[in-house]
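Reader: I'm new to this one, could you walk me through it?
Author: Gladly, ask whatever comes to mind.

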Amino acid sequence: MRTYAPAPTDEVLRRLLEDPSLASAVVHHEVVPPADPITAPFPAWLDPRIEAGLRSRGIDTLYSHQAAAIEAVHAGEDVVVVTPTASGKTLCYMLPVLQALAQDPSARALFLFPTKALGQDQVAELAGLAAASELAISAATYDGDTPAPIRSAIRTAGQVVVTNPDMLHSAILPHHTKWFQLFEQVQVIVIDELHTYRGVFGSHVANVLRRLLRLCRHYGSNPVIVCASATIGNPAELAAQLTGRSPRLIDRNGAPRGERHLLLVNPPILDLATGARSSALTHAQRWALPFLRAGRQTIVFGRARVAVEILLTGLREALREHLGPRSRIRGYRGGYLPTERRAIERGLRSGEVLGVVSTNALELGVDIGALDVSVLAGYPGSVAGTWQQFGRAGRRLEPSVGILVASASPVDQYVIHHPEFLLDRTPEEARIDPDNLHVLLAHLRCATFERPFEAGEVFGPGPVDDLLAFLGEEGHVRQAADDRWYWSSENFPASEVSLRSAAPENVVIIDTTPDRPRVLGEVDLFSAQVLVHERAIYLHDSVQYYVDRLEWGERKAYVHRVDVDHYTYANRAVTLKPLDVFAEAATPGGRRVHGEVMVASLVTLFKKLKFGTDENVGWGPIDLPELELQTTAYWITGETASVGWRRDDLDVALVGAGRALQAVAAVLLMVDPHDLGLVSQVRSPHSESPTIYLYEAMPGGVGLSERLWARHDELILGAAQLVGACPCESGCPACTGPRLDPLVDAKALALRLLADLGAKRPSASPASASRAVA
């Protein structure tokens, strides 16, 4: 029988590294040394009650970055604070807000957080600090869970309103006349977790902030903006794009830290021919269990809800078998009730909960106390997200451990074999395009509804008279005799705009299982073609639903609950036609191009695949109309690189190289791989040459393709390194994609093409997956 003897974190790690079956999978082990704090005294202008409140909570000095931030805000400067997780960023905005309210109780502040859980957590933190300072402050969250009677009280008496961009967009800005106290008196706007506002979502939020600041000007206020972010490559640029201002960057961290061990783990290969690997979930469980048995508080991150449930079940079963602390292991993800989530957070802070398995819901700054170990089952999708999840461990000055277990996906394999990408270099840049025409027009409608536009008024990049005239042709706005533009439609524009999607229309999913049908959620049109076609198995919150019918014209899918042993996968046929070239340049073997394209998508059939084995157990036709997407793309043509190739070999090489480029592009730009579509053509009708296209999977694009064009050399080299470092024999899903013909060496062909396009040809042997164990 195993004993559950408490042991220090570093002792448990030492024992694990002596186990050959685990140690052999460690690709890299880095020890980050401890750091001493850099402190600064409280400023002389800080209200004595606030200083006393801080001292009563054991805070006798400020860290240097906190002092710099609050001095800047006190002087009326906009700031963006970029320091690691658990470095005390919260005080950077809470102290200026408390100071403003101590001086003038009629002052107001607006806090924006990307998630409801984070907003509720910060209200509790602010209330605690205010109570310790003996200040009577009204702070409340205003989100979808807020009851109607409380909403009216928040509108009239809430000194600090905590909300999220979706509620600001749809419930506050359109009804600004009910919020006049907030808009007249707002002195500080806080935008936390800045790095999450990227891509389509960030582009929408930038326009929501344009509308917010436009209304502030109307009501005569000019608030200071405080942004807080995890470490990204371009925080000041992102903050400037989001707010339309030029904030001061504060990024010198003064907080202390204990010794931290970081391990990059690659589960072993099971079959060299196919490249199949041991499961990342199983391996993550093996690393987490010894720490839990030693009484070390541990968090395990899964990338999806289903992964969380599998990990949670596995850990509980393993602990139950050996009389372990099974009930002290909890799950945490979307779909759990708010009361359940609050109870888990309290349990982690008190130590009652020993381990938690979570999606990235706990990646953001929810206060869960000081944990010892963070295990990541799969790369979270960005360097910033990885460091945030690692940062969940080590909130005391004791040693902590962060473990990243790679999955077999190409993105994970690229990251795991490039430790310097995670540990040495500046994290990725977060990209948005607030002036994307689809997004800008949507928010111009909303802004006109909120308040008429003057002739020549600027919204975003410049005067918007021409765009308003275009909307006037659609009948949404009209120009009156006073030359102002007024909203003239009966529609409520904000209700038609989803901040999470660039496409204006979504398909609503309706569950007919209960007595009264309920809305499960919604998906955009492009996703609806493959996720909710008739006879599809749709997964929601790890529950299976069978799609009975899809009313395409009404944009509604009707589903009911089922329990089956398979899922469905739809084949999408994509054709692409270039419309315009914005930039092009010669490269080794061909040309790199950035331009506008038209993508046509047609879904024709689906397969039924068994869980676990992916065995094909059936298929069916899909009858849906073709969809067109006008967007931007980056593409590579191989005019000279293709000389001397057999057509069949070139076809395989283009697909393999394209998949590797797509994976590396997702890593470099900090985006989901699904944000970039891939099309390869052996003979493009546009260039008469072999071509690989990476197009943005949202109307108009958000600037990703332009960045890929600029980072072409880095992209080609990274793709060659990804394929070359893979230990498979002749191509696999982790490098060149699924093998369509077992007799063709897709790996060698992809490497040959990438070398012709300018990459130094790396070794294709398993030895190239170097291991550096500290």
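Reader: Which residues of α18 and α19 meet?
Author: In this predicted model, L437, L440, L441, L444, R445 and T448 of α18 meet L467, L468, F470 and L471 of α19, where contact means heavy atoms within 4.5 Å. The residues of that contact divide into eight nonpolar, one polar and one charged; Ala, Val, Leu, Ile, Met, Phe, Trp, Tyr, Cys and Pro count as nonpolar, Asp, Glu, Lys and Arg as charged, and the others, Gly among them, as polar.

Reader: And at what angle do α18 and α19 pack?
Author: Helix α18 (residues 437-450) and helix α19 (residues 465-473) pack at an angle of about 80°, and their axes are 11 Å apart. That makes α18 roughly perpendicular to α19, a word used for 65 to 115 degrees, while under 35 counts as roughly parallel, over 145 as roughly antiparallel and the rest as oblique. The axes are lines fitted to C-alpha atoms, for helices over the stretch in contact, with angles running from 0 to 180 degrees between N-to-C directions.

Reader: What should I know about how the model is read?
Author: Residues are numbered from 1 along each chain as its sequence is written, and side-chain values use heavy atoms, with hydrogens and water left out. Because the model is predicted, local features need pLDDT of at least 70 and side-chain atom pairs count only at pLDDT 80 or more, whereas totals for chains, interfaces and linings use all residues.

Reader: How do α1 and α12 cross, then?
Author: The axes of α1 (residues 9-17) and α12 (residues 280-293) come within 10 Å and cross at roughly 140°, which makes α1 oblique to α12. T9, V12, L13, L16 and L17 in α1 meet W287, P290 and F291 in α12, and the residues of this contact divide into seven nonpolar, one polar and no charged.

Reader: Switching to strands, what order do they take in the open sheet?
Author: Seven strands form it in the order β6-β7-β5-β8-β9-β4-β10, with parallel pairing; two strands pair if DSSP finds at least two bridges between them. β6 (139-141) and β10 (248-250) stand at the edges with a single partner strand each, so one side of each is left without a neighbour in the sheet.

Reader: How many bridges join β6 to β7?
Author: Three bridges join them, and A139 has V160 in β7 as its bridge partner.

Reader: How many helices and strands are there in the protein?
Author: The protein has 24 helices and 34 strands, which are DSSP runs numbered from the N terminus (helices H or I, at least four residues; strands E, at least two).
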